[in-house]
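Me: Could you walk me through this structure one step at a time? I am new to this and would like to see how each answer is reached.

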Amino acid sequence: MILRYMKFAIIILCSVILLLLTGVLPVGKGLEATAVYYSPVMILLLGLLSGGCVLCCFKRRPLGFILVHLGVVIVLVGAFVGYVTGVKGMLQLQLVRPVAERQVLNQTGDPVRFGFEVTAKDFEVEFYPPVYHLYRMLPPEQVVPGQMPFAKAAEYDTAGNDFIEIDGIGRLEVSNLWNEARGEWTPRRMLDFGAFLHLASQTPSHYGVTLQIVDGEQHVELPVRINHPAGYKGWRFYLMSYDQVNRSYVVLSARHDPGRGAVIAGIWIVILGTFIFCFRRTGGVA
Amino acid sequence: MTVLLIPLLIVSAAAYLLAGILFLLRKNRVAGGVTGLGWLVNLAVIVLNGLIVNDIPLGNMYQVQAVLSLCFLPLFVLFSLRDKLSWTGVYFAFASALPMIGAVFMDKQAAWKRMPALQSGWFVPHVLAYMISYALCAVAFIMLIRFWIRKSDTAELHRAIYQILRTAFPFMTFGLLSGALWAEEAWGQYWSWDAKEVWSLITWGLYLVYFHCRKSSWARNADWAHLLAFLALLATFFLVNLLPKLGSILHSYA
């Protein structure tokens, strides 16, 4: 009986793998990957896999075995609940003249109300120490009419460096590139012989914003950063990006997923079960 | 500091290779010492990488491969003590050398600025769990190749392969699922069907097929499942980054 279940599991797993491959392999003109992953065949196979795992939960087997299969069932059930009843959408919140948002457009473009108002304030972004590009004047014979008479000659990363050594010009203290009065890195620093250092695009290390929730008489402030979403009344807000030019808005993903708790619990049960099952003592017998 | 990297990488790779040869010649004590030396030099490379980038040195393929090589020796010690598999030293030694040899020829890009999404407590456990599982899967695969070349010690080799993969699998599971938990925390979705994610799921599924095959009447097909699983692992680790058509957007940094 056990052997028959194993064969059933192998057939289902191989079918799922083949479907995944059709989505990910760049064959022919390439199939629309998500069409494969969310196809009725895939859902049917996952349903069968789930059914097989349910049957395994009722076998007299080691604890780890039961936990792994139970965890898979919980994950799939939670994901299915989220797929059917969950709401997800993108939200652009203004920072300069904040406007309260009361709804989000779901995947089909229909508005779904939060039941409260959301605005954003106090946006903050931190950058890594910048990279500067060195430009040098071109000799007159190399200057092409209509083009700039200089060319990029080198790149200097200021991170972790007290100074940068520039060929033919000398040593420059990194602190001299920081404009204390304006609280920012100097965009352009002129050097000898017509050369200059130009501030390259800066890489953000952190950014975050505070969400202001107005729910009737209640006012709540929730900080949101990358990897640190905020939750309120079943909704979760994830900071996705921001206006890198004017810092006038932030983009958030808003999600209401009744299956989230089950998926997370299921994932932890699978992890725990796998460790218990695979690390159990077998007395050296494979 | 960067000038020291290539000599250290070469010394470490050479020590691992020499250890492998010594294990083959059954000079196990000397081989163990040489492996230890290679490991210490390997550790020095990682410390140096950390000092250069001023962060956790897991920013590109070169740095990740140096960490991968470091995983083999502690795992070998674990298997020697726990499962009496000290005779597998030769496989662990040669497997340690491969990522280091690759690292010698790779771009040793120094600067690494961790993007905000990577500033997470999940980063190190997620990558390390994968490195441990990949290291073990590499050893098991070399043993499978050895079995196919010379069909001797069949039962002992299969027992060892199974023991090693049984230890690798929970780490691979943790790597896969911690990635899902992390993605949920960062972007609000567990799974984005990114090329690297799908290949890692295929790899995990094929190892699962291997375990199920072993317990079924299709046990003789388990080796084929093992072979396919390791090929999928290579696709996940290398091809997705190297071939633009298989390119991964969310994992472009790894």
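Reply: Happy to! Let's start with a term: two residues are in contact if their C-beta atoms, placed from the backbone, lie within 7 Å. Keep in mind that this is a predicted model.

Me: How many residues does the contact take from chain A and from chain B?

Reply: Using that 7 Å cut-off, we look at each side of the contact in turn. Chain B gives 44 residues, and chain A gives 45.

Me: Which element of chain A gives the most to the side that touches chain B?

Reply: Several elements give two or more residues to this side, among them strand 12 (204-215), strand 16 (249-256) and helix 5 (260-278) of chain A. The top contribution is 13 residues, and it comes from helix 1 of chain A.

Me: What does the secondary structure of chain B come to?

Reply: Reading chain B from the N terminus, the elements run α-α-α-α-α-α-α-α. Chain B therefore comes to zero strands and eight helices.

Me: Why is chain B said to be as compact as a globular protein of its length?

Reply: For 254 residues, the globule rule gives 18 Å. Chain B is as compact as a globular protein of that length because its radius of gyration is close to that value, at 18 Å.

Me: What percentage of the residues in chain B are buried?

Reply: A residue counts as buried if 20 or more other C-beta atoms lie within 10 Å of its own. Of the 254 residues in chain B, the buried ones make up 50%.

Note on methods:
Residues are numbered from 1 along each chain as its sequence is written. Chains are lettered from A and ligands numbered from 1 in the order in which they are written. This is a predicted model: local features need pLDDT of at least 70, side-chain atom pairs count only at pLDDT 80 or more; totals for chains, interfaces and linings use all residues. Helices (H or I, at least four residues) and strands (E, at least two) are DSSP runs, numbered from the N terminus. The radius of gyration is taken over C-alpha atoms; the globule rule is 2.2 Å times the number of residues to the power 0.38. A residue is buried if 20 or more other C-beta atoms lie within 10 Å of its own, exposed if 12 or fewer, and partly exposed in between; C-beta atoms are placed from the backbone.
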